[in-house]
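Biologist: Talk me through how this one packs, please.

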Amino acid sequence: MEEPAILSSRPRVLSGMRPTGKLHLGNYMGALANWVKLQDQYECYFFIADWHALTSNYADPSEIAPNTLDVLLDYLAAGLDPAKSVLFLQSKVLQHAELNLLLGMITPVGWLERVPTYKDQQKNLANKDLSNFGFLGYPVLMASDILLYQPKFVPVGNDQTAHVELTREVARRFNQFYKLDDREVLPEPQVLLTPSPQLPGTDGRKMSKSYGNTIQLTDPEPVVRQKLKTMVTDPARIRRSDKGDPDKCPVGDLHKVFSTPETMAKVNDGCRSAGIGCIECKGWAADGLVRVLQPIQDRRASYSVPQAVEILEDGSNRARARAEQTMHEVRSAMQMTLTSAINK
Ligand code: SF4
């Protein structure tokens, strides 16, 4: 039996991630930590976008299911609470595919070709053939993912607002063509800007799975400490006696996010006066990271895989019920029902 959708007077928000594998601290600080806070203020829907993973990994989908499980466990570990939020899997809610098809009918191809990530990704992932229809159309699927839940807000970091803008344009175009009793069916969602500090990875570049420079949410303490030991520092500090600048050091950037003000003061003084060594400083940075990671890892260990899967099933049932409400309106507005012919 279908579960009822959550009934709430709180504004609805929706967001999701592609299942690319275990999540890292960059994912946590850039999205998950914010989502956890939103749960108490909004009616939240968070999903795992497994169909999106297919747009670029269609030739070998073998990793998508295991990665989905990892992302689900990371969602729960980070503190997403199934009693407060609907956690669901995109492919379990077939209405995403239906709305994708319908919105695909009204979306000009030129809009898709202009999406900056389209050309960037084709260049960056040169080892993959991304000339497929699904890859070109992924912004339509993304718009469908969002509009299907008629959310008021989409929480995103600064660098992702363009995606929501395209979704708003698609909604606007839909609403121009179709109305239901003179009412707009797909409200334009607004961007909910969430703080997303750019975390450096161990090589100093932005922390990203594709650079292989991440600290994962599941990394045990010794691994975190080892990764920090190899992390690049202020290039001006070659010898222990050289003075450094935490503002020019990726380790300094980690301190700014994870360390206490007292530690930060010790880093600032010690680095600039060459009073501390980088090894000592990195040890303090690792302390801050471990302090954040430990409760996440404890929570992850408290869920069994069957329990997590059941949570995802339950959430997907709820999401499906909510999605069907929207689709009912969409089909009626587009007159894709026989009733609309009978009533003519
Ligand atoms: S002391 Fe710390 S902040 Fe300064 S260069 Fe070394 S690691 Fe970076």
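## Packing, residue by residue and helix by helix

Biologist: Leaving aside its neighbours within four places in sequence, which residues is Trp35 in contact with?
Modeller: Ground rules: this is a predicted model, where local features need pLDDT of at least 70, side-chain atom pairs count only at pLDDT 80 or more, and totals for chains, interfaces and linings use all residues. Residues are numbered from 1 along each chain as its sequence is written, and side-chain values use heavy atoms, with hydrogens and water left out. With contact meaning heavy atoms within 4.5 Å and neighbours within four places left aside, Trp35 meets Ser15, Gly16, Met17, Phe46, Tyr75, Leu80 and Pro155.

Biologist: Is Trp35 buried or exposed?
Modeller: Trp35 sits in helix H1 (residues 25-38); helices (H or I, at least four residues) and strands (E, at least two) are DSSP runs, numbered from the N terminus. The cut-offs are under 20% relative accessible area for buried, over 50% for exposed, and partly exposed in between (1.4 Å probe, protein chains only). At 3% relative accessibility, Trp35 therefore counts as buried.

Biologist: Which residues have the most contacts inside the largest nonpolar core?
Modeller: A nonpolar core here is a set of buried Ala, Val, Leu, Ile, Met, Phe, Trp, Tyr and Cys residues joined through side-chain atoms within 4.5 Å. The largest one has 51 residues, and those with the most contacts inside it are Leu25, Tyr28, Leu32, Tyr75 and Leu228.

Biologist: How many residues does the other core have, the one with Leu103 and Ala323 among them?
Modeller: That core lies apart from the largest one. Val164 and Val170 are also among its residues, and its size is 42 residues.

Biologist: How do H4 and H14 run, roughly parallel or oblique?
Modeller: Helix H4 (residues 95-106) and helix H14 (residues 305-333) pack at about 30°, with axes 10 Å apart; axes are lines fitted to C-alpha atoms, for helices over the stretch in contact, and angles run from 0 to 180 degrees between N-to-C directions. Angles under 35 degrees count as roughly parallel, over 145 as roughly antiparallel, 65 to 115 as roughly perpendicular and the rest as oblique. H4 and H14 are therefore roughly parallel.

Biologist: By class, what residues make up the contact of H4 with H14?
Modeller: H4 brings Gln95, Glu98, Leu99 and Leu102, while H14 brings Arg320, Ala323, Glu324, Met327, Val330 and Arg331. Ala, Val, Leu, Ile, Met, Phe, Trp, Tyr, Cys and Pro count as nonpolar, Asp, Glu, Lys and Arg as charged, and the others, Gly among them, as polar. The tally is 5 nonpolar, 1 polar and 4 charged residues.

Biologist: And how many of each class does the contact of H4 with H8 have?
Modeller: The axes of H4 and helix H8 (residues 138-147) come within 8 Å and cross at roughly 120°, which makes H4 oblique to H8. On H4 the contact uses His96, Leu99, Asn100, Leu103 and Gly104, and on H8 Val140, Leu141, Ala143, Ser144, Asp145 and Leu147. That gives 6 nonpolar, 4 polar and 1 charged residues.

Biologist: Which helices do the buried residues of H11 pack against?
Modeller: In helix H11 (residues 250-258) the buried ones are Pro250, Val251, Gly252, Leu254, His255 and Phe258. They pack against H1, helix H10 (221-229), helix H12 (261-272) and helix H13 (278-301).
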